[in-house]
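Me: I have a structure open here and would like to go through it with you. Could we start with the overall fold and then move to details?

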Amino acid sequence: MAALDLIDHSPQQPEASPPLATAGNVILIDNFDSFSWNIYQYLVLEGATVTVYRNDAITVEELAALKPTQLVISPGPGHPKTDSGVSRDAINYFAGRIPILGVCMGQQCMIDLWGGEVSFAGEILHGKTSPLRHDSKGVYATLPQDLPVTRYHSLAGTHPTLPECLEVSSWIGTGPDGGKGVIMGIRHKEYVVEGVQYHPESILTEKGRVMLKNFLQMRGGTWAENARLQKEESYKPVTNGTNGPKKENILTKIFAHRKTAVELQKEIPSQRPADLQAAYDLNIAPPLVPFISRLRKSPFPLSLMAEIKRASPSKGIISMATCAPAQAITYALAGASVISVLTEPEWFKGSIDDLRAVRQALEGMPNRPAVLRKEFIFEEYQILEARLAGADTVLLIVKMLDEATLTRLYRYSQSLGMEPLVEVNTPEETVIAVKLGSKVIGVNNRNLTNFEVDLDTTSRLLDQAPKETIVCALSGISGPEDVEAYQKNGVGAVLVGEALMRAADTAKFILQLLGGSEPILKSLPGPLLVKICGTRKAEMAVEAIKAGADLIGMILVPGRGRHVPYKDAVAISKAVHETRVTTGSVVSDRVGSQASDFFANAASNISSHRALLVGVFQNQPLEEVLELQKAYELDIVQLHGEEPLEWANLIPVPVIRSFNPTQPGIGKRGYHTVPLLDSLSGGSGKTLDMSLVSGVLEKDKGLRILLAGGLNADNVADAVRAVGDYSDRIVGIDAASGVEENGVQSVAKIQAFIKAAKSVR
């Protein structure tokens with residue numbers, strides 16, 4: 001792990017906060033440690049009135065008589081059993097009565113008091129900084145992850161012996177997901193008791209004052225009592241101006257941080273507002289999916305807005321190892337109507353690059369979900385940035401925007417083709433959203449001041465919205481029982497993040513959550529499509545079609561042995577298009593209410609009730625390809641050389657693209673209709689290494705392919721079956737030399753090959 005920069009986080013010319021009414025009699029027990037006075041200074045700066053007592057200079061009875069509002073146990077040398085004086089007894093007496101904070105020795109006293117083991121931490125630390133991971137609760141509320149904290153200790157509590165009444169609140173992360181290493185913080189599950197193993201009062205600890213401030217705002221002896229008192233406090237009128245300062249919550253904190261970050265970003269060349277506008281004016285923003293109409297399409301009774309969220313202020317780290325585009329594909333194929341991407345980097349560990357990658361991953365996906373930028377948006381710059389990255393909609397939070405700004409941003413988003421999701425939490429905010437004309441209103445079930453979740457919030461506000469407005473329930477949804485009431489009440493969609501990110505089987509969980517029990521798509525593989533390539537005469541095309549060929553291929557590459565001259569090509573085209581033999585039914589694997597993989601419809605896109613004509617080209621100019629496609633009325637174009645993948649989007653018919661199994665780009669979505677895996681330059685008669693084909697199909701679970709390379713009536717069945725369980729993703733086979741006799745197509749071999757291929761499944 002790279003060393004953290006050493007930065008002085010001490011108060012620089014600090015201004016003391018006004019006296020804090022709820023911290024008017026804080027008692028600090030000094031365990032003979034010089035850091036006690038730093039703690040005293042920080043507490044006083046936050047408005048507390050503090051009295052300090054040495055651990056051998058006062059009794060529990062005397063402490064009780066002082067009626068403290070909070071108790072703080074300081075750091076100190078030695079072991080909690082032998083060197084903490086009155087500390088352990090004080091914790092035991094006041095636990096459940098008032099808030100208690102233990103620092104270093106103070107935390108060790110708590111662990112030891114309730115039966116845990118305090119032993120050697122594995123290393124001796126003196127002034128070392130480490131990045132801290134935490135659960136974003138208690139003293140860590142509103143704080144980002146990986147804060148540098150200062151450690152002076154050789155002892156620590158141990159995970160195996162941690163008392164049942166305590167939980168780990170912070171730790172030193174191990175591994176990519178920040179697994180719980182050395183215990184850095186503990187919290188009593190019932191009582192308002194917090195401990196930290198590091199020094200929040202050290203000048204090298206970032207946000208130490210905020211941690212102590214959070215502690216001083218705690219009230220009561222139990223967490224239930226604290227929650228009740230905090231809730232009562234949050235219901236008091238919030239005032240401004242001469243009536244007192246506005247109460248800060250996580251929303252205002254993130255807002256301030258994001259505002260600073262965005263201002264700095266706007267100074268970077270290529271990311272300045274003028275740069276973004278110039279890019280947008282070039283029409284390079286990805287195509288949009290209409291947010292409202294896509295939200296109304298769902299395979300479930302309620303639409304799902306599936307969220308990609310690595311962390312949150314309320315839950316801390318959820319999954320740092322998540323690959324955003326891979327998660328998006330999973331959500332899309334499981335039936336999500338919208339994919340919400342958190343792009344806030346500090347508290348949610350997201351980025352605009354996540355959104356851009358998600359949009360790229362969905363490129364070419366039939367009926368793809370809409371992409372939502374979930375961000376704290378306060379100016380047009382962020383909306384334009386979202387549009388250029390591929391967002392179809394953005395979030396506007398009523399709580400953080402005045403009406404004029406909200407209206408301006410709403411209209412601007414609409415001008416870019418994006419109908420916003422407008423978030424509310426109270427009846428007053430809902431009135432504003434309705435007045436605005438919001439077509440999609442999201443009700444946040446989480447109170448952003450105290451983090452409490454009330455799932456009834458959405459149901460209570462539902463009647464305020466016009467019937468034509470889609471109302472979405474946001475936050476706190478974790479199981480089917482949470483969704484049932486919304487479905488009955490007429491809620492249009494639910495946004496789910498953490499529960500999906502933690503699910504062991506995401507697709508199965510989505511089905512359970514939204515009322516399904518079976519996979520939505522059951523696409524059984526149809527008969528193999530058969531392509532007879534190297535056709536040079538019209539009469540052979542007719543014979544192949546009579547035998548059941550689905551595709552007739554003719555080589556249009558000058559200089560190749562099987563090249564078809566103009567006159568013969570016209571005759572073959574006429575024969576194919578006029579032959580009325582029905583080759584089979586079109587594969588039907590399209591579902592309009594959900595997304596599917598780009599290649600899932602490959603068989604449908606290259607099949608018809610009649611045989612289709614394929615023109616094969618190799619390294620010829622695009623103009624020539626387009627001209628011959630039109631001249632010969634080609635149904636499909638096959639590119640068999642080094643043509644750019646982008647050509648597929650310039651050719652007006654489906655494109656088969658030839659690859660060797662080791663080449664890159666086989667599974668690139670949004671371009672060729674289906675890849676054809678072949679050996680060498682095609683038509684050589686050389687068979688493919690089927691282990692390579694298996695490897696390609698194993699790596700890309702959504703890929704469908706055509707198979708070529710030395711196939712004939714004797715080996716086609718074995719070749720398809722050689723890939724085992726992946727054989728159903730071989731949609732067709734292609735033969736050229738395998739249906740020839742001495743370099744000339746044989747009717748008997750064509751018939752035998754088609755019969756063998758069609759019998760595979």
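Me: Which strands close into a barrel, and in what order?

Reply: In this predicted model, 8 strands form a closed barrel, in the order β10-β13-β14-β15-β16-β17-β18-β19, with parallel pairing. From one strand to the next, the twist averages 25°.

Me: Take β15 and β16. How many bridges join them?

Reply: Strand β15 (residues 393–397) and strand β16 (residues 421–424) run parallel and are joined by 3 bridges. Leu395 has Leu421 in β16 as its bridge partner.

Me: And which strands does helix α15 lie across?

Reply: Helix α15, residues 427–436, lies across β16 and β17 (440–444). The helix runs at about 160° to β16.

Me: Moving on to β20. Which way do its residues point, and are they buried or exposed?

Reply: Strand β20 covers residues 529–532. Leu529 and Lys531 point one way, Val530 and Ile532 point the other way, and all of them are buried.

Me: What do β20, α20 and β21 make together?

Reply: With helix α20 (residues 538–547), the strands β20 and β21 make a right-handed β-α-β unit.

Me: How many bridges join β20 to β27?

Reply: There are 4 bridges between β20 and strand β27 (residues 730–735), and these strands run parallel. Within β27, Gly732 stands opposite Leu529.

Me: A change of topic: where is Arg219?

Reply: Arg219 is in the loop between α6 (208–216) and α7 (223–235).

Me: Why is Arg219 called partly exposed?

Reply: Its relative accessible area is 25%. Partly exposed covers values between the 20% limit for buried and the 50% limit for exposed, so Arg219 falls in that class.

Me: How far apart are Arg219 and Pro18?

Reply: They are 201 residues apart in sequence, and their C-alpha atoms are 18 Å apart in space.

Me: Last topic, confidence. What is the mean pLDDT, and where does pLDDT stay under 50?

Reply: The chain has a mean pLDDT of 89, and 91% of its residues reach 70 or more. Over residues 235–247, pLDDT stays under 50. For that stretch the model has 7 contacts beyond four places in sequence. Where pLDDT is low, predicted coordinates should not be read in detail.

Terms used:
Residues numbered from 1 in each chain as written. Predicted model: local features only at pLDDT ≥ 70, side-chain atom pairs only at ≥ 80, totals over all residues. Heavy atoms only, no water. Buried < 20%, exposed > 50% of the residue type's maximum accessible area, 1.4 Å probe, protein only. Helix = DSSP H or I, 4+ residues; strand = E, 2+ residues; numbered from the N terminus. Pairing = 2+ DSSP bridges. Right-handed = clockwise from strand over helix to strand, strands pointing away. Axes fitted to C-alpha atoms, helices over the stretch in contact; angles between N-to-C directions. Contact = heavy atoms within 4.5 Å. pLDDT = per-residue confidence, 0-100.
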